[in-house]
Amino acid sequence: MAVFARPRQALVIAGALGLAISATACGTGDNDGSGKADSPECAAYQKYQGHGGAEVSIYASIRDAEADLLEQSWEQFAECTGIEIDYEGSGEFEAQLQVRVDGGNAPDIAFVPQPGLLSRFAQAGKLKPASAETKAMAEENYAADWLKYSTVAGQFYGAPLGSNVKSFVWYSPKMFQEQGWTVPTTWDDLIKLSDSAAAGGIKPWCVGIESGDATGWPATDWIEDVLLRTQTPEVYDQWTTHGMPFNDQRVVDAVDRAGTILRNEKYVNGGYGGVKSIATTSFQEGGLPILQGECALHRQASFYANQWPADSRVAEDGDVFAFYFPAIDPSKGKPVLGGGEFTVAFDDRPEVQAVQTYLASGEYANSRAKLGNWVSANRKLDVANVANPIDKLSVEILQDESTVFRFDGSDLMPAAVGAGTFWKEMVSWISGKDTKAALDAIESSWPR
């Protein structure tokens, strides 16, 4: 799950309903910012003006601390244009978005982390094609590979927003130093490190895949990362598009390899219990026992930086840091798994299009990045505006044209699979279900 995602990215379950960014007037009252519209700080927003007093609703899965930063990121835009943005984040985003659309209560804009879900709404005629201005802005700022994820039947629906790199393993530099461990650069070294930790009485891994209605998605990321390291990117593409069966033996092998860690009672679940505790441990809290020395490793995306306590220092010599999830087969290079969300619209009022275009701009990307703990594939994002070293590395990876990048597989698949049976069967698998039986069930659910 992307996510951004997916998803998928908040520490405490709390409602963020109705947290509206008020386009508070700054001055005395014109229609586009009450006197501030013509000020020097609003110069960058002039092309979005002319919609003062209008409201635009945005719905996404981004909640809590990340939602607060999100709202801050467009505050200046709102003040300078007079457009009021009503933002709502939900832990049941994927299910509730469909309910809202079916009920005629769709938001103006949604941040959709799953291209598969996006495609379903587009094919149903629910989404509005992006305006020419949004399309031009997206083409200027994003690589073509990113734009294809939100293009359905040749129609472009919206630019990426936040992005993430998922191929990271978080750890405590202090624990590594105390134990005399070094950062592993191969799969074999990763297993040796895990064995060493387990032999010393430390559960090497801590994992959590609970995520409300999206429970299971962190386990799918494990499978995707392992498959990318044991097969070619082309095989990965065939898998995500059903060019080969979901239960192909190569996928079975990848799941079983992931299981040598995830279903190993000697390896998991530091700070929480046995293997089955993975299914009931929230992904937000999954890696936190690292800070108490109760586990050593936590595989999770760049956005997990948001989950550490605010006083934690993310640095190579800090409280936590991350290393690249090691390669398994050197002949497959160093592939990177990632994700992100896409800004799509269910309405095409001028003010909605203005917001959608702005969110695709370099100005927005830098505005959000300066607030911390955020990554984007926007080519206008200045890495100097990214403080977190893992985020900085992620931006460099995403902007490197030589990177072999693949989007989160479950997000690419039809929603019934990617945001449905794949998530659910991974929960069953963690709880003891046979690998082949779990993959057979997913294969049988693929839309025919």
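This is a predicted model: local features need pLDDT of at least 70, side-chain atom pairs count only at pLDDT 80 or more; totals for chains, interfaces and linings use all residues.
Contact here means that heavy atoms lie within 4.5 Å of each other.

**Helix H15**

- H15 spans residues 389-399, and its buried residues are Ile390, Asp391, Ser394, Val395, Ile397 and Leu398.
- These residues sit on the same side of H15, because they cover an arc of only 160° around the axis.
- At the start of H15, the backbone nitrogen of isoleucine 390 has a side-chain oxygen of asparagine 388 within 2.7 Å.

- In H10, which covers residues 233-240, you will find Pro233, Val235, Tyr236, Trp239 and Thr240 buried.
- Their arc around the axis is only 160°, so they share the same side of H10.
- Packed against these buried residues are helices H9 (217-230), H11 (249-262), H16 (409-412) and H17 (415-430), along with E12 and E13.
- Just after H10 comes histidine 242, with a positive phi of about 65°.
- The loop between H9 and H10 holds glutamine 231.
- Is glutamine 231 buried or exposed? Its relative accessibility is 17%, so glutamine 231 counts as buried.
- Setting aside residues up to four places away in sequence, glutamine 231 touches Arg250 and Lys332.

**Helices H3 and H4**

- The axes of H3 (residues 93-102) and H4 (residues 115-123) come within 12 Å and cross at roughly 5°.
- Angles under 35 degrees count as roughly parallel, so H3 is roughly parallel to H4.
- On the H3 side, Glu94, Leu97, Gln98 and Val101 meet Leu117, Arg120 and Phe121 of H4.
- By type, the residues of this contact are four nonpolar, one polar and two charged.

**Valine 152 in strand E5**

- Valine 152 belongs to strand E5, residues 151-152.
- With a relative accessible area of 11%, valine 152 is buried.
- Which residues does valine 152 contact, leaving aside its neighbours within four places in sequence? They are Leu118, Ser119, Ala122, Gln123 and Tyr157.
- Valine 152 and alanine 122 are 30 residues apart along the chain, and their C-alpha atoms are separated by 6.9 Å.

Technical notes: Residues are numbered from 1 along each chain as its sequence is written. Side-chain values use heavy atoms; hydrogens and water are left out. Axes are lines fitted to C-alpha atoms, for helices over the stretch in contact, and angles run from 0 to 180 degrees between N-to-C directions. Helices (H or I, at least four residues) and strands (E, at least two) are DSSP runs, numbered from the N terminus. Angles under 35 degrees count as roughly parallel, over 145 as roughly antiparallel, 65 to 115 as roughly perpendicular and the rest as oblique. Ala, Val, Leu, Ile, Met, Phe, Trp, Tyr, Cys and Pro count as nonpolar, Asp, Glu, Lys and Arg as charged, and the others, Gly among them, as polar. Buried means under 20% relative accessible area, exposed over 50%, partly exposed in between (1.4 Å probe, protein chains only). The arc is that of the directions from the helix axis to the C-beta atoms. A polar contact is a pair of N or O atoms within 3.5 Å; within protein, one must be able to donate a hydrogen and the other to accept it, and residues adjacent in sequence count only if both atoms are side-chain atoms.
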